[in-house]
Every structure is written in structure tokens, then in C-alpha cells.
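Here is a short tour for you to follow with the structure open. Let's take it one region at a time.

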Amino acid sequence: MAAAGAVALVATSVLAGCGSGDGGIVVNVYKYPQENFQKIVDNCNAAADGYEIVYHKLPREADGQREQMVRRLAAEDPGMDVLSLDVTWTAELAKAGWIREYTGEAKAEVEDGTLETPLETARYEGKLYGAPDNTNVQLLWYRGDLVQTPPDTWAEMIRLGSELESRGEPGLVEATGKQYEGLVVLYNSLVNSAGGQILDENGTKAVVDEGAVKALEVLKTFATSDVVDPSFSNAAEDDARLAMEAGDAAFMINWPYVYAAAQEKPEFAKNLKWAPFPAVEGGESTATVGGLNYAVSAFTEHPDESFDAVLCLRNAENQKFQAVNDGVPPTIEAVYDEPEMAEAYPMKDAILETLKNASARPSSPAYQNVSTVISTILSPPANIDPRATADRLRSELQDALDSKGVLP
């Protein structure tokens, strides 16, 4: 089903945003601002058979992206053909009937060679509704000049940090404790490492089991330890990165983009090392997967061309291109073996190992409400009372799933 053959392209300025016009078919792709994505679009247009892809930039922030797409999908707007979705939006849009299922040859091509955890984020009720384009997973970053062997668990990381602090050396641990999705990601990783569950597999019942309580205990212990950064409860990804680069911390939980950013400070970068996400004592390391999936709108007037465009935009060659040039990890496993990946991603083996054991966030059509409840109740993390907080989570998450009451 891969696009092939030359086609006479119609000028973008004429066709942009108008579906099919002047005799040509346009596939409108809506995606966040990605620096080199237009080059991928150009490559696919050169190979497309009978249509042209036009790239429309969504807002940079995820909330703004979702708002624009949901508003237009609710109005059954036929002008949106291909949508780039955060991995947490699949269930919501599939449940609403706003995106199409991948079937037949398109489904087979998407599933062939794609890592299982990103694929899991693209499924709802056993059906495939997305094509994973890029993925992401957090790692443990540490100062190699301070720590010889990275810790395997949170307890070990806190102990090592305390030992450094007691010797007057930088021993803080940086992580995302602000009241937003980053705190939900951190908690979800701890829950899965502890073997716990927040929601049931159908995403309709709040579970918050003993593993989820154990995760609350770990988060509380960390947030009240002598190695937590005083700004933890207000820290997002870049706050954690900048604090680590400032020289106060020995450890940081963050996404792989910090490696590229660190290269602007060579003295810091030469000592920046990486390891898999630390586990909860007695559990396995299971970091939360992020990333983007391509969906095809239920209201597109060009479904065949839209599915064809997706298969080109996320093929192995284009995933390698955007990994090397834009720093986003691929979802096709074979790309990690490409020679060009070695320089751009020296930590690619750690990313791949972590991805194979990664966990998804709860799958639910009400995920946005679930995320709001979790981030609100867990903030600030130092105030967590594990048993009482778990009881409150269980009650308010069930209300959110049942559309009862008012969100906090």
C-alpha cells in the first residue's frame, strides 16, 4: 500500500485547507510544530500517487492541540484528514467515533516491526486506531563524575544522593513534581513498577490497588527526603534539566531530549550518563511511554489517500530522518540498528531496553478527566498520606469515569 509513482502536484497555496480542489486531492495533516517535518512531507509528496499532503501546524502545547482537533471533529469537519494524536487520546477519539480503524493491508503494515508498547497506545477495545510515529520514554540521567554505578531502585538512588550530600557533594534528584501531566507520568511509572493498577483494563473502574499505594509511599518518601530539590513540586521537564545543568544534582528523571540540550555545555555533557528508569524496590523498571500516533479522521472525504499518506509519513526511512534531525525516538525497532543512530542516540540501547518494558498510561475515553484528578490530588507530593490519598483517588477517579460531580 506504500505510495508509488510520480504525480503532478498542485500548488500548496491554492490547495491548502480545501480538501480536494482544482482537480487535485489534498490530504491535510495536522501535527505539532516539528522543525524538519516539512522535508518528510516533501519526500512523501514526491512519491504520492494522485494526491498531495499539506502540513498544518497545531499549537505547541498538547492541551491546545487537543482543543483544536476535538472542536473540529465534534463539528464533523471534513477538512481534517490525518491527525497527530498524543498517545493518551486514542480511546477518547475512538469511543466518540471520530477516527477510523486501521484494517487490512494498512493495519498489517503498521504492526509489522513496530514496538509493542507504542502499538498498545494506538489500540482501543482490541482494534487499531493509530499508527505510531514516534515514541518516548524517560531514563535515569546521572553525573558520571560523582556516581560510578547508577542505582537500580528509587531507594538506592535516595541513599546514594544522601551519601553525596553528607560529603558536601551535589546529591539532589531532579524530577517532574509540578501539578500537570508530568506528575501523572511519574506516578504511573511508579505504580507499574510496583505491579499496581490505577484503573481496570477496560478503563471504566477505579482500582487504585496495593501497588498504587506502594507507589504513593515511594513518592511521599522521595518528596520528603533530603535529596529532593526544593523546587520539586513546581518542576516540569525543563526546570529539572536546568537544575541538573546548574550543578546541584547528581540524578535526574527526564526524557532523552536532555542529551542534545546538554551538548551546549560540553563540560557538563561529558559527565552526563544514562541508565534505565529506576524500579520500585522488589519490582521491575517500567517507565511510562509517551509519543505520537497518526489517526485518520472519520470525516475525511479521502480515506484511502489518508491511510496511504500515513504509511509514508511514518515509514522506517522517515522515522530515522526525524530521529536524527529532530531527536524523537522511532517506533520501528529496526531503525535503532541503523548506523546513523549511533551518533544521534548514543543512549539508544537504554531507550530500546526501557521501551520493551515500558508501560502505558490508563486507557480510558475519560483520560483527560483521569489525568486532572490524579495531578490535583497528588499535588504537592510531600502532602501525600498513602492510604488516605489512595482512598480519595479511588473515589474521585470513579466519579470522573462516571461523569459525576465536578472535577477538582
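How many of the 5 residues of strand S4 (residues 82-86) are buried? The count is 4, which leaves S4 mostly covered. Do keep in mind as you read that this is a predicted model.

## Strand S4 and its partners

Strand S4 pairs with strand S2 (residues 24-31) in the parallel sense, and 2 bridges link them.

## Helix H13

Next, turn to helix H13 (residues 303-313). Of its 11 residues, 8 are buried, so the helix is largely enclosed by the rest of the structure.

## Thr-153 in its loop

Our last stop is Thr-153, in the loop between strand S8 (139-143) and helix H7 (154-166). Is this residue buried or exposed? Thr-153 has a relative accessible area of 13%, and because the cut-off for buried is under 20%, Thr-153 counts as buried.

Who surrounds it? Setting aside neighbours within four places in sequence, Thr-153 is in contact with Pro-278, Ala-279 and Glu-281. With Glu-281 there is also a polar contact, made between the two side chains at 3.3 Å.

Methods:
Residues are numbered from 1 along each chain as its sequence is written. This is a predicted model: local features need pLDDT of at least 70, side-chain atom pairs count only at pLDDT 80 or more; totals for chains, interfaces and linings use all residues. Side-chain values use heavy atoms; hydrogens and water are left out. Buried means under 20% relative accessible area, exposed over 50%, partly exposed in between (1.4 Å probe, protein chains only). Two strands pair if DSSP finds at least two bridges between them. A polar contact is a pair of N or O atoms within 3.5 Å; within protein, one must be able to donate a hydrogen and the other to accept it, and residues adjacent in sequence count only if both atoms are side-chain atoms. Contact means heavy atoms within 4.5 Å.
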